[in-house]
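Please keep the sequence and the structure in view while working through the points.

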Amino acid sequence: LVVWVVRDGADPIAVLLAEILVYPQRKMCSLFALAGSRIVALLDGMPIIEKWAISMGCDGLELKGRPEWLRVLPDWQIEGVCMRKDLSK
């Protein structure tokens with residue numbers, strides 16, 4: 001697990017968690033838990049994250065988040081759906 005933090009001076013303004021997932025055919029860098037007051041600032045750091053993922057042997061990135069991210073990540077595409085079941089009832 002890797003924590004990426006974007007700062008404005010000493011103040012953190014966005015954070016992203018990443019993990020390396022090894023599938024039978026691929027090794028992916030999975031990005032999740034994006035949060036902060038200026039999350040879009042993470043886009044400026046995306047080339048750094050991509051270079052890191054390549055250095056870790058990954059051949060792709062995957063993002064777990066809302067479909068609205070496609071508005072600011074136009075070169076990404078949806079490949080699946082995350083589903084969940086509420087067990088509290």
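The numbered points below treat the basis of the model, the sheet, the helix, the core and several single residues.

1. Basis of the note. The model is predicted; local features are reported at pLDDT of at least 70 and side-chain atom pairs at pLDDT 80 or more, whereas totals for chains, interfaces and linings use all residues. Residues are numbered from 1 along each chain as its sequence is written, and side-chain values use heavy atoms, with hydrogens and water left out.

2. The sheet. An open sheet of 4 strands has the order S1-S2-S3-S4, and its pairing is mixed. S1 and S4 stand at the edges with a single partner strand each, so one side of each has no neighbour in the sheet. On average, neighbouring strands are turned by 30° against each other, direction ignored; the axes behind this angle are lines fitted to C-alpha atoms, for helices over the stretch in contact, and angles run from 0 to 180 degrees between N-to-C directions. Strands are DSSP runs of E with at least two residues, helices are runs of H or I with at least four, and both are numbered from the N terminus. Two strands count as paired if DSSP finds at least two bridges between them.

3. Pairing within the sheet. In general, strands of a sheet pair through backbone hydrogen bonds, either parallel or antiparallel. Here S1 and S2 pair in the antiparallel sense over 7 bridges. Val 3 has Leu 17 in S2 as its bridge partner, and Val 6 stands opposite Ala 14 in S2. S1 and S2 form a hairpin with 2 residues between them, and Gly 9 in the turn has a positive phi of about 70°. S3 and S4, by contrast, run parallel and are joined by 4 bridges; Leu 31 stands opposite Leu 63 in S4.

4. The helix. Which residues of H1 are buried? They are Met 46, Ile 49, Trp 52 and Ala 53, where buried means under 20% relative accessible area, exposed over 50%, and partly exposed in between (1.4 Å probe, protein chains only). Seen down the axis of H1, these buried residues fall within an arc of 120°, so they line one face of the helix; the arc is taken from the directions from the helix axis to the C-beta atoms. On the other side of H1, Ile 48, Lys 51, Ile 54 and Ser 55 are exposed. The buried residues of H1 pack against S1 (2-8), S2, S3 and S4 (60-63). Just after H1, Gly 57 takes a positive phi of about 90°.

5. The core. A nonpolar core is a set of buried Ala, Val, Leu, Ile, Met, Phe, Trp, Tyr and Cys residues joined through side-chain atoms within 4.5 Å. The largest one has 15 residues, and those with the most contacts inside it are Trp 4, Leu 16, Cys 29, Leu 31 and Ile 49. S2 (11-22), S3 (27-36) and H1 (46-55) are the elements that give two or more residues to this core, and H1 gives the most, with 4 residues. Leaving aside neighbours within four places in sequence, Ile 49 is in contact (heavy atoms within 4.5 Å) with Trp 4, Leu 16 and Leu 31.

6. Ser 30. This residue lies in S3. Is Ser 30 buried or exposed? Ser 30 counts as buried because its relative accessibility is 0%. A polar contact of 3.4 Å joins the side chains of Ser 30 and Lys 64. Such a contact is a pair of N or O atoms within 3.5 Å; within protein, one must be able to donate a hydrogen and the other to accept it, and residues adjacent in sequence count only if both atoms are side-chain atoms.

7. Ala 33. Most residues other than glycine have a negative phi. Ala 33 is not a glycine, yet it has a positive phi of about 55°. Ala 33 lies in S3 and is partly exposed, with a relative accessible area of 38%.

8. Trp 69. The place of Trp 69 is in the segment after S4. With a relative accessible area of 14%, Trp 69 is buried. Not counting residues up to four places away in sequence, Trp 69 touches Leu 34, Ile 39, Leu 43 and Leu 63. Trp 69 and Val 40 are 29 residues apart in sequence and 9.4 Å apart in space, C-alpha to C-alpha.
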